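Me: I would like to go through a structure with you, one topic at a time. Please keep the answers plain.
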Amino acid sequence: MVPFAGYEMPVQYPAGILTEHRHTRTQASLFDVSHMGQVTLRGPDGFASAATALERLVPGDIAGLAPGRMRYTMFTNENGGILDDLMATNVGDYLFLVVNAACKDADIAHLKAGLSGDIEIGVLEDRALIALQGPAAAEVLSRYARDAARMPFMSALPFEIDGSRLAVTRSGYTGEDGFEISVPAADAVRIAELLLGEAEVEPAGLGARDSLRLEAGLCLYGHDIDATTTPVEAALTWSIGKRRREEGGFPGDAVVRDQIENGVSRKRVGILPDGRAPAREGTEITDAAGVAIGSVTSGGFGPIADRPVAMGYVATEYSAKETAVQLVVRGTPRPGKISTMPFVPHRYFRGPE
Amino acid sequence: MSDLKYSQEHEWIRVDGDVATVGISDFAQSQLGDVVFVELPAVGTQVSKDAEAAVVESVKAASDVYAPVSGEVVEVNEALEGTPELVNQSPTGDGWFMKIRLSDPSELDGMMDEAAYAEFSANQG
């Protein structure tokens, strides 16, 4: 157990990170992610005014979310830097946000300062969050909530399981199919044990969560993205809807729109070190001649990729895939190359149709 | 009874004549978790007692391995390059790291025997 953003979190269970990681990609794992912040926004007319209000703080197309749909976005600052990344869901009559644990208090203060007074901000301190991730997740959850199997990726539905009212989204942080389940804190242990009782499901900790998201090419706030990186530099431009690019209206919009139009001087990329030595966060990246061109922001061993994998920022002229680079590991330059991400294909469920 | 001696940095050593085989303890591997990479010194390197001699990387992090004795590295465990998991599976056997020709056998005097190390590591967890 380690302290993490004020919570006591398990890095790993007895099976260990490698086993937990592989199990997630072959069966299903249950993660306790209750440290994440859960926030509701309600406007005078429910969702629409809340969405319009939130758009003043994020570049994502929130107003365009259909009921029961969700989207990845980020809070930006006046320079276009990322204050936090988050999930925003149209629950029907309100907006539901999931934000990072370490940013939770700052995000809530930011919402209070940035939203007009008629938007009601609810902080759900009494709800836990359980992630069920892996190719068997839909089969397992549908035993208790039949329609869960039909939910497409990035959608939300309410369910009642064993007398507990749950808000379920088909989403996650592993690159696998799966669900995040918001559950009243009083029921959390019971629901977690119910799911852990299924033959396919094993518990997984923070260590596997990190190695899974790295293989999936997903950003970790405070490492791969922060207040000094913009969504364009971070290769997250896909999360900025067409309407928002045209209209702006979010903090740093001038910077972000200029970067979309004219390019950026550095970019987040995937990196594959040659050989077996991992290139960890902070590793300097140089060109073939040894000139510094960037640094690694997340790196480690990819258990399914079966090789070291990393992501980081490099000068844009070096960001094309297959570009040869050097990674300075403990003072020794080691060869590697720029790669597309994810390192292991995403396996999201796009829907029955 | 084991013929291993242990350092406070959780390396073990087994002496045969003037050559010592070195690895990390079962306690150390259990604390590290799954080992995915081991960086070993080149054969011929002179190592100094308590100085960094190798690096062991788990999924989580990289950790230094210190030379428990001074001397010349005369052999390294090449098997760890392709199968670093040997460190987890057999830390005091096939998961050995390197062999060092002792330059000062008196350095062995301060090391712990199995029983003393068991007590020492029990207070570390």
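Me: Is Ile338(A) buried or exposed?
Reply: Ile338(A) counts as buried because it has 20 C-beta neighbours inside 10 Å. A residue is buried with 20 or more other C-beta atoms within 10 Å of its own, exposed with 12 or fewer and partly exposed in between, the C-beta atoms being placed from the backbone. This is a predicted model, in which local features need pLDDT of at least 70 and side-chain atom pairs pLDDT 80 or more, while totals for chains, interfaces and linings use all residues. Residues are numbered from 1 along each chain as its sequence is written, and chains are lettered from A and ligands numbered from 1 in the order in which they are written.
Me: Which strand holds Ile338(A)?
Reply: Strand 19 of chain A, residues 332-339, contains Ile338(A). Strands are DSSP runs of E with at least two residues, and helices are runs of H or I with at least four, numbered from the N terminus.
Me: Changing topic, how do helix 1 and helix 6 of chain A cross?
Reply: The axes of helix 1 (residues 17-26) and helix 6 (residues 206-215) of chain A come within 9 Å and cross at roughly 55 degrees. Axes are lines fitted to C-alpha atoms, for helices over the stretch in contact, with angles from 0 to 180 degrees between N-to-C directions.
Me: Which residues make that contact?
Reply: Helix 1 of chain A gives Ile17(A), Glu20(A), His21(A) and Thr24(A), and helix 6 of chain A gives Gly207(A), Ala208(A), Ser211(A) and Leu212(A). Contact requires C-beta atoms, placed from the backbone, within 7 Å.
Me: How many residues does each chain bring to the contact of chain A with chain B?
Reply: Chain A brings 14 residues and chain B 11 residues.

Technical notes: Two residues are in contact if their C-beta atoms, placed from the backbone, lie within 7 Å.
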